[in-house]
Number of protein chains: 2
Amino acid sequence: MMPEIENLHSFIANCVRLVDAKLDEIVPTAETEPTNLHKAIRHSLFAGGKRFRPAFVFAVGKTLDVPNEKLLNVAAAIEMIHTYSLIHDDLPAMDDDDLRRGRETCHVKFGEATAILAGDALETFAFQVIAEDENLSPEIRVRLISEIARGAGTPSGMVAGQQVDLESEGKEIRIEDLENIHRGKTGAMIEVSARTAAIIAEINEDQLSAVTKYASSLGLLFQITDDLLDVTQTTEVLGKTAGKDEISKKATYPAYYGIDGTKELAAKVHTETVLYLQAIDRPTDLLNEVADFILNRRK
Amino acid sequence: MMPEIENLHSFIANCVRLVDAKLDEIVPTAETEPTNLHKAIRHSLFAGGKRFRPAFVFAVGKTLDVPNEKLLNVAAAIEMIHTYSLIHDDLPAMDDDDLRRGRETCHVKFGEATAILAGDALETFAFQVIAEDENLSPEIRVRLISEIARGAGTPSGMVAGQQVDLESEGKEIRIEDLENIHRGKTGAMIEVSARTAAIIAEINEDQLSAVTKYASSLGLLFQITDDLLDVTQTTEVLGKTAGKDEISKKATYPAYYGIDGTKELAAKVHTETVLYLQAIDRPTDLLNEVADFILNRRK
């Protein structure tokens, strides 16, 4: 097991290098006017994020034999959407958090107005880099943009999930509602990360559906472990305020099932996630390792 | 002159009908969960906005013989980008305004968090409808998305202009800086409105450049008259808080040139705008009327 984990770690490290270089190329330098805006974007974008979503794009792409250069802009775009959502979520009117990825949140350092605009600009960059990606046919590019816009938006995407999450604070909610929140808020863009790689691979609809089921289950596993980490890890390890969910009376799995019950649920969802891989007609060792990695992650 | 203006008014009224029907089709109903988010989006989108940008898409498109169905999604997308920018600009951390299009601003009615998310969602819809527009080839769609993303983003688009505008509040600025703010904040998306129609028309680069110069000059005229209306009209007529620029110490043309000097500037820019039409090798009566309309507008 150990050598495989080592492999996945070096695979992820390589993805991070590639994506960081691409993001640095896309976003205007900190010296470009208006400098505060570009500094704010870079502050949040280069804060040592885990880059899970772009790494997942690469993992699915590698499984389906897609060369890296066809995945790179999409991976960067999805990370920019993710970062914009973190910047906006951290705002005082939303989750009101002052620590993210181990440093001050964007609005604490640059002010609320600049943070709002930095998020807005990151959203435009995400669509721009895909629209201008010469490594992909225009047909593929428009499909990717449609996928990402739907996954990031409403009624079934990230923004919708965030809205339901905010409205549920302090309320008793049902487990179906909790799953619904997570499916939108986190699951949709994790699913999109896999689907975009699969669309670039031009696999058939059956195979695309198989990839989607695996990714959807992995997204659920990701959120369950995220909720667990919030209650079991320190702020220092997470790089964001630990225990925040309970303070803000968020709907979470541990609040529902307790810590041990949530660990059992994670193990069960992990087993299901791995089972979905059987329907993919390629060697899926890497995607298996990704599922193990999410189950066992410490941050 | 009177019959022509009548024609333009009925042309604009027809554009508004078409665009409103399309927007209604794109955005989830107010009954779709999460309902508050969709109500907030609809509150701001269907508030009787002037719809100048989509009407301008149609005016340029008509001049270049493009059928309406090829323009409709782009016109709707540009209006959604415009509306998202108004929602975010009105937030307390930005311009802090509570009146827009004659009604409460989005955050006053639905809360700040929902207003932020409503703006974010509108941005995703704008790119989604173009990516999925079956009336246009994928090649054209990716060009349009690139244009709109650059026009709406940074370093030379709307978000950059808004950032410079916010940073200039209460400061002495040079006339070049003022033009720079306006070029980004308002001019870029007005230019994009014309360029997207021209790209759909598939005219040559020379003609695209001619259309761009006219639109760029019209965008400047639009902002000059906007600044004038802020100091000469009532809140009731404008549907947004009049005199706001002076209170918030915004950089404006009247602050720089006085009201009479600004009126003279508007007349001069109008003349230049109309002169640019000579380089367009089609009958440009409609675009001439648009320039007159912007010079003489009362709101």
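User: How many salt bridges does the rule find across the interface of chain B and chain A?

Analyst: A salt bridge is a side-chain nitrogen of Lys or Arg within 4 Å of a carboxyl oxygen of Asp or Glu. Across this interface the rule finds two. In one of them, the side chains of Arg150(B) and Glu132(A) meet, at 2.7 Å from N to O. The model is predicted: local features need pLDDT of at least 70, side-chain atom pairs count only at pLDDT 80 or more, and totals for chains, interfaces and linings use all residues. Residues are numbered from 1 along each chain as its sequence is written, chains are lettered from A in the order in which they are written, and side-chain values use heavy atoms, without hydrogens and water.

User: How many residues of chain B are in contact with chain A, and how much area do the chains bury?

Analyst: The size of an interface is often given as the accessible area lost when the parts come together. That buried area uses a 1.4 Å probe and is summed over both parts. Here chain B and chain A bury about 3,800 Å² between them, 69% of it on carbon and sulfur atoms. Leu117(B), Thr154(B) and Gln163(B) supply 15% of the area that chain B buries against chain A, more than any other three residues. Contact means heavy atoms within 4.5 Å. By that rule, 46 residues of chain B touch 46 residues of chain A.

User: Which helix of chain B gives the largest share of the side that touches chain A?

Analyst: Helices are DSSP runs (H or I, at least four residues), numbered from the N terminus. Helix 6 of chain B gives the largest share, 13 residues.

User: Is Thr114(A) buried or exposed?

Analyst: Buried means under 20% relative accessible area, exposed over 50%, and partly exposed in between (1.4 Å probe, protein chains only). Thr114(A) is buried, because its relative accessibility is 9%. Thr114(A) sits in helix 6 of chain A, residues 112-131. Not counting residues up to four places away in sequence, Thr114(A) touches Asn36(A), Leu37(A), Ala40(A) and Gln163(B).

User: Where does Ala160(B) lie, and what is in contact with it?

Analyst: Ala160(B) lies in helix 8 of chain B. Ala160(B) counts as buried because its relative accessible area is 4%. Leaving aside neighbours within four places in sequence, Ala160(B) is in contact with Pro34(A), Leu37(A), Gly153(B), Thr154(B) and Pro155(B). The C-alpha atoms of Ala160(B) and Ile181(B) are 8.1 Å apart, with the two residues 21 apart along the chain.

How values were computed: Buried area = accessible area lost by both parts, 1.4 Å probe. Helix = DSSP H or I, 4+ residues; strand = E, 2+ residues; numbered from the N terminus.
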